Amino acid sequence: MSTAVSPWPAEGPDTEAELASGLARGDESCLVTLFRRGGPRVHALARRALGDSREAEDVTQQVFLAAWRGQTGYRPELGTPMAWLTGITRRKIADCLAARARRAALVEGAGARYIPWHTGPGEAEAAVDRVLLTRALARLPVPQRTVLCLAFYEDLTQPQIAELTGWPLGTVKSHARRGMRRLRLLLEGPAS
């Protein structure tokens, strides 16, 4: 019979209030308890939003690293430890989706540069349009670009984007409206 010693404390705070106050003090055992209690939820949120188990694992690690680094910034009066962790999770998911959209835009832009000679009618113009759209998106402010990329590349609705990013629905709608307006102006170019 093996008696392996775990690097994690066996006992943690019993109540939500003890957990919250321990996190605010920077108590490492409270962070371990939060990991044990919240890890499955964080992973499930990331898996559902990203649709990829490996990316969800990466996001889960990023969430707990951010929680560990920022645990002394946790304020119990602003919400429960799980609400705090959920907020971090939403931000990390949004970061992951934005990175995915950037990678897709880079691949698409690179592919558009090398148009094969055997393209059919209209394909060259479509490739040029994609490059112009990618460049115009890159010139938008990050919140507007994030909302538009999540809507068009990930096919998410505005309520889904609000849930994913943690932004209020009205903010998401404003970013979408302003982003579309600015995108139109960028694509139309200067008026003659």
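Predicted model: local features only at pLDDT ≥ 70, side-chain atom pairs only at ≥ 80, totals over all residues.
Six salt bridges are found in the structure. In one of them, the side chains of arginine 100 and glutamate 55 come together with a distance of 2.4 Å from N to O. Because arginine 100 belongs to helix α4, which covers residues 81-113, and glutamate 55 to helix α3, which covers residues 53-70, this contact ties together parts of the chain that lie 45 residues apart in sequence. Glutamate 55 has a relative accessibility of 17% and counts as buried, since the limit for a buried residue is set at under 20% relative accessible area.

Glutamate 55 also takes part in a salt bridge with arginine 103, for which the closest N and O atoms are 3.6 Å apart. This pair, too, links distant parts of the chain, with glutamate 55 in helix α3 and arginine 103 in helix α4, at a separation of 48 residues. Whereas glutamate 55 is buried, arginine 103 is partly exposed, with a relative accessibility of 44%.

A further salt bridge is formed between arginine 100 and glutamate 154, where the closest N and O atoms are 3.2 Å apart. Glutamate 154 is placed in the loop between α6 (142-152) and α7 (158-165), while arginine 100 is in helix α4, so that this pair ties together parts 54 residues apart in sequence. Glutamate 154 is partly exposed, its relative accessible area being 23%. Through salt bridges that share partners, Glu55, Arg100, Arg103 and Glu154 are joined into one network.

Turning to helix α1, which comprises residues 16-25, the buried residues are Leu19, Ala20, Gly22 and Leu23. When the helix is viewed down its axis, these buried residues fall within an arc of 165°, and they therefore line one face of α1.

The cysteines were considered next. With a disulfide taken as a pair of cysteine sulfur atoms within 2.5 Å, the count for this structure comes to zero. Cysteine 30 is buried, with a relative accessible area of 3%, and cysteine 96, at 14% relative accessibility, likewise counts as buried.

Key
Residues numbered from 1 in each chain as written. Heavy atoms only, no water. Salt bridge = Lys/Arg side-chain N within 4 Å of Asp/Glu carboxyl O. Helix = DSSP H or I, 4+ residues; strand = E, 2+ residues; numbered from the N terminus. Buried < 20%, exposed > 50% of the residue type's maximum accessible area, 1.4 Å probe, protein only. Arc of directions from axis to C-beta.
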